[in-house]
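Dear colleague,

I am passing on a structure that you have not worked with before, and below it you will find notes on what was found. Please read them with the model open beside you.

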Amino acid sequence: MRNYILKSKDKLLNKGRIFSKVEELKSYYNSSNFNNHKNDKLNALLRYAVTNSSFYTSYAKYKNFDEIPVLKKEHIKENYEKFISKNFEKSKLYTGSTSGSTGSPLRFFYSQQKKDIRQAELIFFNKWAGYEVGMKHALNAIGSYKSKLKLFLQNEYLIDPSKIDKHFLIAFKKIIVDKNVKFYIGYPSVIREIASYCQQLKLTPKDFRLKGIISTGEPLDEYTRELAQNIFGCKVLSRYSSLEFGVLAHECSEENSFHLNDVDYHIEVFDLEKDIPLEKPGVGRLIITDLYNYAFPLIRYEIGDLAEISKLNCKCGKNGRVLKSLNGRIVDSLIDSEGRKLSYGHINMLMFPFQDKVERFQFVQESLTEINLKIQTKANPNQFNDLRSHLINEFGKKIKLHISFVTFIDAFKSGKKPFIVNKVLKN
């Protein structure tokens with residue numbers, strides 16, 4: 001019924017744009033011969049931006065797309081108005097902003113068409129984890145409001161994880177169990193909290209009706225994935241998305257491969273130091289071009305993540321480009337005594353031997369020579385006697401490491417709990 005209502009609304013108000021995009025995505029991933037004419041779309045976007053967005057006026061000098069420079073966040077912050085296309089009224093555009101996990105928040109705008117495309121991406125990729133339109137689901141969201149009617153029509157329960165304590169976990173568990181929630185989208189840190197709580201209650205998959213879980217907003221570690229899958233009895237897939245764009249990549253259920261959304265975005269990997277594409281496969285900076293946000297064009301935008309891209313003939317039947325590795329936000333790295341950046345994946349592996357004793361940890365790099373580590377644990381601190389030497393061997397002896405044991409690590413205003421905060425890179 002809800003699926004019928006959404007399709008009718010889309011046909012009436014949006015000329016069927018949402019479900020047409022769903023079909024386009026489906027065609028791309030189901031066919032090795034699909035051609036989405038990306039070069040034509042890139043050239044059309046560039047021509048439009050040069051003519052209609054004053055920031056890009058100077059780009060008329062570039063003869064081909066490969067010559068276009070990298071767009072930094074500071075460029076946008078300093079030129080908000082110049083990015084807006086003259087063909088759109090600012091008052092009629094949707095406004096968005098990043099959570100500020102990579103520094104100060106970034107404000108941006110997008111059109112109704114782009115909003116519809118983002119919704120289509122969610123409908124399409126959610127299905128990979130078992131979601132069907134109208135299915136009863138729970139969603140982690142901070143400061144979000146929807147009317148009771150909208151929540152009813154979407155069959156949705158909004159769960160605000162701003163403050164995670166026992167009362168929150170009791171209420172959350174009650175919703176999932178008593179309301180027979182079939183699908184859950186949340187931050188990995190929250191997924192881990194609720195899964196751990198249900199494990200303490202000795203709950204099993206028989207106590208839940210969940211068909212799938214999607215983690216988003218933070219890196220999903222394998223410990224959290226396996227814990228949640230064992231407790232809830234369903235697949236946990238990770239989504240790589242951003243507030244600036246939408247769904248950039250999504251894991252499949254067969255191999256957990258991160259398939260790129262090459263339909264809606266042009267995704268490149270650049271050298272770590274130079275503003276040029278990588279010549280050989282390897283880890284580099286992700287550079288994104290949105291093929292459809294004509295109201296606020298973002299062309300060769302550096303999103304702030306490090307990744308490696310490769311091609312894969314996946315067992316799921318979807319062939320093409322995948323994220324071979326996603327090393328995380330550039331600011332979500334630590335700097336060792338030699339000036340090298342240690343990614344969150346590496347830090348997570350360093351902490352893995354202590355995983356059973358640690359509920360949560362957070363590194364805060366105060367300076368190039370000082371790192372604070374908070375450990376949320378119920379274990380005796382004496383069980384971590386080897387931790388300091390273990391970490392110093394990796395960070396270098398010039399690093400002053402302060403370790404404190406706490407009962408709770410507070411979340412940011414966004415509701416996220418990053419396990420690495422680098423004040424050096426933010427400054």
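The count comes to one cavity of 30 Å³ or more, where, on a 1 Å grid over the protein atoms alone, a cavity is a set of points where a 1.4 Å probe fits but cannot get out, and a pocket is an open set with protein on both sides within 12 Å along at least five of seven lines. Grid points are joined across faces, edges and corners, and a volume is the space filled by probe spheres set on the points.

Before going further, please note that this is a predicted model, in which local features need pLDDT of at least 70 and side-chain atom pairs count only at pLDDT 80 or more, while totals for chains, interfaces and linings use all residues. Residues are numbered from 1 along each chain as its sequence is written, and side-chain values use heavy atoms, with hydrogens and water left out.

As for confidence, the mean pLDDT of the chain is 87, and 91% of its residues reach 70 or more, pLDDT being the predictor's confidence in each residue, from 0 to 100. Over residues 99–105, however, the pLDDT is below 50, although this stretch has 16 contacts in the model beyond near neighbours in sequence (contact means heavy atoms within 4.5 Å). Where pLDDT is low, the predicted coordinates should not be read in detail.

To return to the largest cavity, its volume is about 30 Å³, and its lining (residues with an atom within 4 Å of a point) is made up of Tyr28, Tyr29, His259, Leu260, Lys318, Asn319, Gly320 and Arg321. Strand 13 gives the most to this lining, with three residues; helices (H or I, at least four residues) and strands (E, at least two) are DSSP runs, numbered from the N terminus.

The second largest pocket has a volume of about 570 Å³, and of the 25 residues that line this pocket, the closest to its centre are Glu193, Ser196, Gln200, Glu359 and Lys378. Helix 9 (188–200) supplies at least two residues of the lining, as do helix 8 (166–178) and helix 10 (222–232), and helix 9 gives the most, with six.

A search of the whole structure finds 25 salt bridges, each being a side-chain nitrogen of Lys or Arg within 4 Å of a carboxyl oxygen of Asp or Glu. In one of them the side chains of Glu24 and Lys41 meet at 3.5 Å, N to O, and this pair links helix 2 with helix 3 (residues 38–52), the two residues being 17 apart. Glu24 counts as partly exposed at 22% relative accessibility, whereas Lys41 counts as buried at 18% (buried means under 20% relative accessible area, exposed over 50%, partly exposed in between, with a 1.4 Å probe and protein chains only).

Another salt bridge joins Lys72 to Glu302, with the closest N and O atoms 2.7 Å apart. Because Lys72 lies in the loop between helix 3 and helix 4 (73–78) and Glu302 in strand 12 (residues 301–313), the pair ties together parts that are 230 residues apart in sequence.

A further salt bridge brings together the side chains of Lys324 and Glu308 (3.8 Å, N to O), linking strand 13 with strand 12; here Lys324 is exposed, with a relative accessible area of 56%, while Glu308 is buried, at 15%. Salt bridges that share partners also join Lys21, Glu24, Lys41 and Asp264 into one network.

With best wishes
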